[in-house]
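Dear colleague,

Please find below the structure that I would like to hand over to you. My notes on it come after the display.

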Amino acid sequence: MSIAEKEIEIVEEFSLFDNWMDKYEHIIEIGKELKSIDEKYRNPEHEVKGCQSKVWLHSYLKDGKVIYEADSDAIITKGLIGLLVRVLSDEKPEDIIKNELEFIEKIGLKQHLSPNRSNGLVAMIKQMKYYAVALNIKQ
Amino acid sequence: MNYASTPLSVTINIDEIRSHFPSLHQKVNGYPLVYFDNGATSQKPDVVIEAVTQFYSQQNSNVHRGVHTLSQKATDLFEEARITVQKFINAKSSNEIIFTKGTTDSINLISSCIAHAPLLWRGEGGEVLISTMEHHSNIVPWQMLCEETGALLKVIPINDQGEIIWEEYLKLLSNKTKIVAITHVSNTLGTINPIKKMIDEAHKKNIPVLIDGAQAVPHMKVNVQDLDADFYCFSAHKMVGPTGIGILYGKEKWLNAMPPYQGGGSMIKSVSFEKTTYNDLPYKFEAGTPHIEGVLGLAKAIEFINGIGIENIQEYEHELLAYATKHLLEIEGLKIIGTAKEKASVISFVIEGIHAFDIGTLLDQMGIAVRTGHHCTQPLHERFNISSTVRASFAFYNTFSEIDRLVDGLKRIKKMI
């Protein structure tokens with residue numbers, strides 16, 4: 001499934017919710033289901049800066065594709081990055097770099113992209129792209 | 001829970017008060033707004049908004065400059081506002097009231113100028129004494145001063161309730177201490193520090209004291225002469241006034257002893273390329289065109305507060321605090337950070353197993369505005385070994401039923417996570 005297809009899938013999934021509580025309960029569920037990052041990556045080196053909650057990100061190449069592993073100490077943040085991991089992980093670096101994520105706005109979570117939120121979603125997307133660029137050069 | 005059963009001993013007409021705040025009558029995310037982020041900034045009453053608008057629509061001109069009528073009118077209002085502030089905090093003279101950008105700016109003015117005043121800053125080295133519960137704006141300017149002068153920053157420890165440890169304060173006060181800079185009310189813990197006693201002790205050793213009053217002035221009567229504070233700093237925007245305007249109160253003898261903070265228009269008597277002479281107080285510290293509409297709005301804010309009565313405000317907010325404390329503690333796993341005996345209407349808390357960010361995000365979905373994070377007091381959070389808290393800070397326009405909504409909201413969040 002391409003990045004665009006995964007985004008469409010998420011938008012459809014969220015279209016089922018007609019109130020904020022169901023939507024956030026779903027995000028919390030995604031957060032709970034996201035596998036915790038290996039303890040050895042829970043360090044300042046892997047921390048995504050600029051977040052009110054702590055966010056850790058690790059990535060590596062597997063068969064020419066970027067695999068992301070991420071975690072947070074706040075469950076909503078973890079749910080949001082769970083969505084990002086679902087969309088961007090297991091994709092080619094060049095596809096990740098050029099992609100303009102549109103699903104966040106479409107599922108009504110635009111406020112989380114505001115710099116005021118400092119929940120790290122913007123910083124997180126930026127960091128994921130940096131990793132993709134770096135891994136692309138390594139290839 | 002039913003707030004109607006709560007006895008109200010204060011004569012305060014909450015509906016009438018709320019009718020003056022247009023911003024309180026809106027829906028946020030589909031719910032009537034509950035605004036509990038007053039520690040960050042307060043909402044503004046119609047009289048303040050009108051004063052700002054009226055300045056631009058009728059009086060707009062520069063102050064202290066023109067001979068024309070508009071400038072005269074603006075200057076008169078501006079200087080009347082200074083007297084309103086002077087009376088509000090009972091300063092001896094209006095020369096002791098300096099308009100700044102805010103509390104941060106007021107503190108920076110002193111930290112930048114004090115070391116150049118031999119009357120206040122004697123000899124090399126020395127120590128600056130602050131406390132663990134200071135806001136970053138009462139830490140960083142002093143760190144910068146210490147770097148510049150070689151002085152040492154000393155920190156008064158606090159106990160688990162969030163109170164200054166008195167014996168430690170006395171121990172730290174020494175002939176090395178150059179200045180004590182302390183908050184009147186902690187923005188995170190709500191602790192009201194015994195600043196009168198602290199000032200007395202410092203003065204026994206001839207040490208000047210600066211008070212960060214940003215969180216105090218909106219909530220209690222402040223009398224700078226009674227306190228005998230050397231410097232007292234606060235902001236308009238936390239006391240229903242406009243943003244971008246603050247006050248530095250300073251004893252006239254100290255303000256006269258210090259050189260100007262910034263150079264420019266207004267702060268001079270005469271300028272030539274060979275020599276410039278500086279203006280008298282308070283203008284010496286007010287370089288450039290001031291925030292005129294902010295000052296006029298501040299005057300209206302003070303009149304509005306005086307209309308309700310600061311003592312009434314203090315008493316009503318105390319009841320809000322007691323009510324909120326009681327009902328928040330009914331939530332399992334909720335812990336209040338800051339349980340000092342003397343507290344202003346600020347409650348910071350954590351809930352076991354739930355991140356403050358998650359709480360803030362979900363409360364926002366219910367139209368409830370709180371602050372989450374470290375509230376610009378990182379060293380204090382470290383002291384309590386926590387990275388972030390949720391803070392609900394109340395103002396006199398808040399109600400008991402709004403507190404019910406916060407408590408219900410938190411219970412709902414607990415079920416969700």
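Predicted model: local features only at pLDDT ≥ 70, side-chain atom pairs only at ≥ 80, totals over all residues.

Residues are numbered from 1 along each chain as its sequence is written, chains are lettered from A and ligands numbered from 1 in the order in which they are written, and side-chain values use heavy atoms, with hydrogens and water left out.

Chain B is divided into domain 1 (14–46 + 309–416) and domain 2 (49–306), with bounds from an automatic or database domain assignment. Taken over C-alpha atoms, the centres of the two domains are separated by 28 Å. Domain 1 of chain B brings 42 residues to the contact and domain 2 of chain B brings 36 residues, where contact means heavy atoms within 4.5 Å.

Between them, the two domains bury about 3,300 Å², of which 57% is on carbon and sulfur atoms; buried area is the accessible area (1.4 Å probe) that two parts lose on being put together, summed over both. Of the area that domain 1 of chain B buries against domain 2 of chain B, 17% comes from B:I310, B:L380 and B:R383, more than from any other three residues.

The interface holds 1 salt bridge (a side-chain nitrogen of Lys or Arg within 4 Å of a carboxyl oxygen of Asp or Glu). The side chains of B:R383 and B:D160 form a salt bridge, at 2.8 Å from N to O. On the side of domain 1 of chain B that touches domain 2 of chain B, helix 11 (310–328), strand 14 and helix 13 (378–383) each supply at least two residues; helices (H or I, at least four residues) and strands (E, at least two) are DSSP runs, numbered from the N terminus.

Two loop residues may also interest you. B:E352 sits between strand 14 (346–351) and helix 12 (356–365) of chain B. B:E352 counts as exposed because its relative accessible area is 66%, the cut-offs being under 20% for buried, over 50% for exposed and partly exposed in between (1.4 Å probe, protein chains only). B:S388, in the loop between helix 13 and strand 17 (389–393) of chain B, is buried, with a relative accessible area of 10%. Leaving aside neighbours within four places in sequence, B:S388 is in contact with B:V350, B:H355, B:A356, B:G373 and B:H381.

With kind regards
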